[in-house]
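Hello! Here are my notes after going through the model you sent over. I hope they are handy while you have the structure open.

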Amino acid sequence: MERLVEEVLSQLDTQEREAVEQVSRNISVYAALTGSDLFIDCFPEGGTGIVVAHGRPETGSLYSRSAVGAKVSREREPMVYYTYSTGISMRGASALSQEDRYVVQSTQPLRCGRKVIAVLVQENDDTENRRRSDKLSRIRAFSGRLMDEKVLQERDSRDMDELVVQETHHRIKNNLQTISSILSLQRRRSRCAETKEALSDNIARINSMAAMYEIMTVSGGSRVDALEVLRRTASMLMDIYADGETQISVEVRGQSVILDARQAQALVLAVGELVQNACKHAFEPGSKGTITVDMMKTGRDVNVHVVDDGRAKDKNPSGSGLGLSIVRSLVEGDLKGSFSLDIRSDGATAAIRFEV
């Protein structure tokens with residue numbers, strides 16, 4: 001196994017190898033802190049992925065032995081290959097482990113400069129999710145066989161409703177991630193810059209919705225913490241629009257505001273459009289900048305400000321464009337609120353206000 005790992009690492013240049021080995025040296029510490037099995041998967045040129053490092057938690061590891069040297073199957077772990085090919089982090093994907101156990105995976109690209117050189121994988125037991133899914137199947141089978149309303153009323157309807165809602169959110173999230181994966185593949189194969197930009201914009205919108213449904217799957221309800229979704233969305237947008245030249249950071253801060261699914265989706269999409277616009281138009285190539293998202297709730301009023309410090313010369317003072325048209329439609333139509341945009345030479349401020 002050590003020889004195989006050495007062969008894989010030898011295909012990296014000195015800087016890339018050092019980056020992988022630096023994370024490898026600390027992977028056991030990270031595993032102990034997170035209580036999860038952690039892996040570094042490398043992908044030799046034209047070959048199958050190989051596990052080059054495995055950190056196991058002090059207790060509760062999903063593995064009876066180290067997985068170093070094991071092959072990474074595309075069929076069992078599709079999200080690992082997705083993250084390697086696109087550079088996009090993923091959370092909560094179902095996979096089949098090296099020891100044939102169902103696990104939940106989160107994946108994070110390891111980069112050297114702009115190049116993705118490996119994938120950091122976190123795995124946790126998926127037994128509980130599988131148990132809920134099996135329970136839902138039994139409930140459906142039971143209700144299909146027995147149409148006696150009296151019998152159905154005697155069951156715990158609240159538990160069944162909650163289970164159905166969670167399963168629905170989970171499936172919507174998975175479907176959205178699948179669509180995002182397909183669009184990402186199309187983006188990589190396209191040679192047209194305009195097409196790539198349009199695909200990137202739509203991938204960002206889909207991933208924003210997927211982030212919301214991921215949180216709702218965990219909470220099991222139809223309401224969501226909008227601040228948490230905005231933070232996840234900001235992180236995904238940086239993965240999509242980072243170009244290695246313009247150094248932009250996005251900060252999301254403020255108060256947690258609990259919204260129903262309809263309001264949360266409209267807000268997240270609107271803010272996502274504003275952050276996208278700022279990433280693409282507010283900063284000169286090679287410059288540094290910050291985009292700040294502030295959210296505050298006073299009484300029934302929710303105020304969200306998206307502020308950038310960009311000084312690009314091609315800013316459109318009229319505030320026109322598809323992205324801003326989408327924002328106005330979402331804010332005024334879905335949120336029944338108001339939207340304003342103040343563009344200056346030293347930055348811009350977009351303000352959204354609505355009631356809950």
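1. Overall picture. Please keep in mind that this is a predicted model. The chain has ten helices and 13 strands. Of its 356 residues, 45% are buried. If you take contacts between residues at least 6 apart in sequence, 62% of them join residues at least 24 apart.

2. The pairing of α9 and α10. Helix α9 covers residues 261–281 and helix α10 covers residues 322–334; their axes come within 9 Å and cross at roughly 155°. Angles over 145 degrees count as roughly antiparallel, so α9 is roughly antiparallel to α10. The crossing of α9 past α10 is left-handed.

3. Who makes that contact. On the α9 side you will find Arg-262, Ala-266, Leu-269, Ala-270, Glu-273, Leu-274 and Asn-277. On the α10 side, the contact is made by Gly-323, Leu-324, Ile-326, Val-327, Leu-330, Val-331 and Asp-334. Sorted by class, the contact between α9 and α10 has nine nonpolar, two polar and three charged residues.

4. Arg-205 sits in helix α7, residues 193–219. Is Arg-205 buried or exposed? With 16% relative accessibility, Arg-205 counts as buried, because the cut-off for buried is under 20%. Setting aside neighbours within four places in sequence, Arg-205 is in contact with Leu-269, Glu-273, Gln-276 and Ile-326. Among these, Leu-269 and Glu-273 of α9 and Ile-326 of α10 also take part in the contact described in point 3.

5. Ser-36, in a loop. Ser-36 belongs to the loop that links α2 (14–34) and β1 (37–42). Its relative accessibility is 1%, so Ser-36 counts as buried. Which side chain does the side chain of Ser-36 meet in a polar contact? The partner is the side chain of Asn-124, at 2.8 Å. Leaving out neighbours within four places in sequence, the residues in contact with Ser-36 are Ala-31, Gly-55, Pro-57, Gln-122, Glu-123 and Asn-124.

6. Helix α3 and what follows. In helix α3 (residues 78–86), the buried residues are Met-79, Val-80, Tyr-81, Tyr-82, Thr-83 and Thr-86. After α3 comes Gly-87, with a positive phi near 75°.

7. Lys-336, for your backbone check. Another positive phi, near 55°, belongs to Lys-336, which is a residue other than glycine. Lys-336 lies in the loop between α10 and β12 (338–344). Its relative accessible area is 67%, so Lys-336 is exposed.

8. Glu-284 is part of the loop between α9 and β10 (288–298). A relative accessibility of 32% means that Glu-284 counts as partly exposed. Where the chain brings Glu-284 and Gly-310 together, their C-alpha atoms are separated by 7.7 Å, and the two residues are 26 apart along the chain.

Note on methods. Residues are numbered from 1 along each chain as its sequence is written. This is a predicted model: local features need pLDDT of at least 70, side-chain atom pairs count only at pLDDT 80 or more; totals for chains, interfaces and linings use all residues. Side-chain values use heavy atoms; hydrogens and water are left out. Axes are lines fitted to C-alpha atoms, for helices over the stretch in contact, and angles run from 0 to 180 degrees between N-to-C directions. Helices (H or I, at least four residues) and strands (E, at least two) are DSSP runs, numbered from the N terminus. Angles under 35 degrees count as roughly parallel, over 145 as roughly antiparallel, 65 to 115 as roughly perpendicular and the rest as oblique. A crossing is left-handed if the near helix is turned anticlockwise from the far one by less than a right angle, and right-handed if clockwise. Contact means heavy atoms within 4.5 Å. Ala, Val, Leu, Ile, Met, Phe, Trp, Tyr, Cys and Pro count as nonpolar, Asp, Glu, Lys and Arg as charged, and the others, Gly among them, as polar. Buried means under 20% relative accessible area, exposed over 50%, partly exposed in between (1.4 Å probe, protein chains only). A polar contact is a pair of N or O atoms within 3.5 Å; within protein, one must be able to donate a hydrogen and the other to accept it, and residues adjacent in sequence count only if both atoms are side-chain atoms.
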